[in-house]
Amino acid sequence: MINWSAFVVVVVVALVAAGVLVTLFSTALRVGDGDAPWRRPVSVGLYVVCGLVVAFGLYLIIPALHAG
Amino acid sequence: MLVVALVIALALFFDFTNGFHDTANAMATPIATGALKPRVAVAIAAVLNLVGAFLSTEVAQTISGGLIREGPGGVQVTPVLILAGLIGAIVWNLVTWLLGLPSSSSHALFGGLIGAVIVGAGIGAIDGGVLVSKILIPAVLAPFTAGLISFIATKIAYSITKKRERDNFKRGQVFTSALVSLAHGTNDAQKTMGVITLALIAGGLQKAGTGPELWVIVVCAVAIAVGTYTGGWRIIKTIGRGITDIEPAQGFAAEVATTATILASTHLGFALSTTQVASGSVIGTGVGRKGASVRWKTAGRIALGWLITIPASAAVGALAAFLAGLGLWGIILDVVLAAAAILVIFLRSRRNRVDHRDFHLPQPGAFVRPKKRKKAVAGG
């Protein structure tokens, strides 16, 4: 039978992950666009957080990293 | 022995078609927006598929994942049936490539095997429940799920950023598309490794219950990487240009949606097809941007392609299994016919070539922004 609960979990997780990534990257772009001195470090920080999320994605893809 | 060798050869060729069929999943959008040059994009995809194939060698114990009642009490899936199934899968993969249709290579493989097993062992050998719950329903859900997520991601990206900032999404696209490629490599090369390993075990050349030999892993990884590098330009054209016109922000949103959906589905136990997820994402992002239009006719053709993938490859697989059932000459006839079909398809494809040169022309307004260039130089 169809495992509907697994499907719902997949949808929710994917939605949240995609939403977070896009929000982070977009905000980084938005913040990075301007001359105020605070903008650049905040923007870079957001890119870094974005990178960390992607790194977590890599960690999930590569079984060797979490199997043993 | 001869049959096992043929299975290995055909499995590798299937792996190759799998690679070039699926380059588009990861690389159609960055090529369409100009985030990556076409040749660079396929090279990155090829390398990451190669790497991905080595990263994960968890090979399924059954080729079909329970679809065919294998093992004790069920049917014996012989190398001859695998051979017939592979012929079905390869022929269908090439036909869809010729038509530029992004269809699932896994479905083609399952379809081919289903056809072969029905002829070889009767329809009772197919587990209908598994067919519906593991293949048919996910195939319907995948594009809608990815489409919805991509739609929302696109809305978020466009509501946060201003127009002049959106070109920078291209930088992000490089990473997201790379991630899709890697995820693809960890999944798809394993199928061929599984097929070859099972054929070796069935042929008595390898002990049952052992994993794939090193050379199997290496040749499978290379076959899928070469296939990916060859680039299924026709399918890239369909996904990247045919469904909707893609801006960098949309490409980024679609790839994030694809990556998130595939990763979530493979790791939370509800497997979805990469191809269907990627196509759904592109449609979703087309719906999500104001002013973009989705060519539903193309989308409809793609959906139709998905619908007939299993029956069509099953039909070819069944025919091949029927011929193979006639004995050695049948098997030889099979291989000759398959080779002829492959040759005909390649000759047909030469009539209207589609290759990387078709993608160098920028889409109007899509990515030439001299203003940005100046700013980047001034900023360091």
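Arg164(B) is partly exposed, with 47% of its relative accessible area; here buried means under 20% relative accessible area, exposed over 50% and partly exposed in between, using a 1.4 Å probe and protein chains only. This is a predicted model, in which local features need pLDDT of at least 70, side-chain atom pairs count only at pLDDT 80 or more, and totals for chains, interfaces and linings use all residues. Residues are numbered from 1 along each chain as its sequence is written, chains are lettered from A and ligands numbered from 1 in the order in which they are written, and side-chain values use heavy atoms, with hydrogens and water left out.

Confidence is a friendly place to begin. The pLDDT is the predictor's confidence in each residue, from 0 to 100. Chain A has an average pLDDT of 85, with 94% of its residues scoring at least 70. Within chain A, the lowest mean pLDDT among the elements, 69, belongs to helix α3 (residues 63-67), while α1(A) has the highest, 89. Helices (H or I, at least four residues) and strands (E, at least two) are DSSP runs, numbered from the N terminus. For chain B the mean pLDDT is 85, and 90% of its residues reach 70 or more. Residues 364-380 of chain B call for some care: pLDDT stays under 50 there, and the model has 15 contacts beyond four places in sequence for this stretch. A contact means heavy atoms within 4.5 Å.

The meeting of the two chains comes next. Chain B brings 38 residues to the contact and chain A brings 31 residues. About 3,100 Å² is buried between chain B and chain A, and carbon and sulfur atoms give 82% of this area. Buried area is the accessible area (1.4 Å probe) that two parts lose on being put together, summed over both. Across this interface the rule finds 2 salt bridges, a salt bridge being a side-chain nitrogen of Lys or Arg within 4 Å of a carboxyl oxygen of Asp or Glu. The interface of chain B and chain A also has 2 residue pairs in polar contact, both at pLDDT 80 or more. A polar contact is a pair of N or O atoms within 3.5 Å; within protein, one must be able to donate a hydrogen and the other to accept it, and residues adjacent in sequence count only if both atoms are side-chain atoms.

On the side of chain B that touches chain A, the elements giving two or more residues are α5, α6 and α9 of chain B. Of these, α5(B) gives the most, with 11 residues. By class, this side of chain B has 23 nonpolar, 11 polar and 4 charged residues. Ala, Val, Leu, Ile, Met, Phe, Trp, Tyr, Cys and Pro count as nonpolar, Asp, Glu, Lys and Arg as charged, and the others, Gly among them, as polar.

Over all chains, the structure holds 6 salt bridges. One of them links Arg164(B) with Asp33(A), with 2.8 Å between the closest N and O atoms. Arg164(B) sits in the loop between α5 (128-160) and α6 (169-202) of chain B and Asp33(A) in the loop between α1 (4-32) and α2 (39-61) of chain A, so the pair joins two chains. Asp33(A) is buried, at a relative accessible area of 8%. Another salt bridge pairs Arg30(A) with Glu165(B), whose closest N and O atoms are 3.1 Å apart.

Within chain B, Asp245(B) forms a salt bridge with Arg295(B), the closest N and O atoms lying 3.3 Å apart. Asp245(B) belongs to the loop between α8 (233-242) and α9 (248-267) and Arg295(B) to the loop between α10 (274-288) and α11 (296-324), so the pair ties together parts of chain B that are 50 residues apart in sequence. Asp245(B) is partly exposed at 36%, and Arg295(B) is partly exposed at 32% relative accessibility.

Arg166(B) is found in the loop between α5 and α6 of chain B and counts as buried at 15% relative accessibility. Its side chain reaches the backbone oxygen of Tyr158(B) at 3.3 Å. Arg166(B) and Ala249(B) are 83 residues apart in sequence, yet their C-alpha atoms are 5.8 Å apart in space.

Ser103(B) has its place in the loop between α3 (79-98) and α4 (105-121) of chain B, and is buried at 1% relative accessibility.
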